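Here is my note on side-chain contacts, for you to check against the model.

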Amino acid sequence: MVAAGRGNVLVSRLIHRAHAEPGWFLYATVCSLVEADRDRPGTAEHIAALPCITIVDLDLPAALAVARATTWSDAHTLYAAQPSPERPDGAVIATTRAHTWKGQPVRILDLAP
């Protein structure tokens, strides 16, 4: 999310594709919004205003997963990427920090410039 605010071309293309093409969905976890806004104020409001991004709330199961982790943003994102009734195959994590997810049971889209 911070990368979008800093002008990362790959992130911008991903957001544009989700806006322009049916069947493309982007999700942002609440914990990631908070962390991004702390790093770059105004980011959360900007991301939340984009019509192509669905905000993933911190419900009780997610809160319990986050409570056991050291980084709330990464824990909430990992939880949201797991298979669920809404996303039976799980979700791909789009990130500029692919190294963070090494060894985790998730699919990654590396958006580092």
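1. Burial first. Buried means under 20% relative accessible area, exposed means over 50%, and partly exposed lies in between (1.4 Å probe, protein chains only). By that rule C31 is buried, with a relative accessible area of 8%. C52 is buried too, at 12%.

2. Basis of the note. This is a predicted model: local features need pLDDT of at least 70, side-chain atom pairs count only at pLDDT 80 or more, and totals for chains, interfaces and linings use all residues. Residues are numbered from 1 along each chain as its sequence is written, and side-chain values use heavy atoms, with hydrogens and water left out.

3. Salt bridges. The structure holds three. Each needs a side-chain nitrogen of Lys or Arg within 4 Å of a carboxyl oxygen of Asp or Glu.

4. R6 and D39. These residues form a salt bridge, with the closest N and O atoms 3.5 Å apart. R6 lies in the loop between α1 (2-5) and α2 (9-20), and D39 in helix α3 (residues 30-39), so the pair ties together parts that are 33 residues apart in sequence. Helices (H or I, at least four residues) and strands (E, at least two) are DSSP runs, numbered from the N terminus. R6 is exposed, at 55% relative accessibility. D39 is partly exposed, at 46%.

5. D74 and R97. Their side chains meet in a salt bridge at 2.9 Å, N to O. Which parts of the chain does the pair link? D74 sits in helix α6 (residues 72-81), while R97 sits in the loop between β3 (92-95) and β4 (107-110). The two residues are 23 apart, and the parts they link are distant. D74 is buried, with a relative accessible area of 14%. R97 is partly exposed, at 34%.

6. E21 and R17. This salt bridge has its closest N and O atoms 3.0 Å apart. E21 is partly exposed at 33% relative accessibility, and R17 is partly exposed at 37%.

7. Rings. R87 lies over the face of Y27, at 4.7 Å from the ring centre. Here a charge sits over a ring if NZ of Lys or CZ of Arg is within 6 Å of the ring centre and within 35 degrees of the ring normal.
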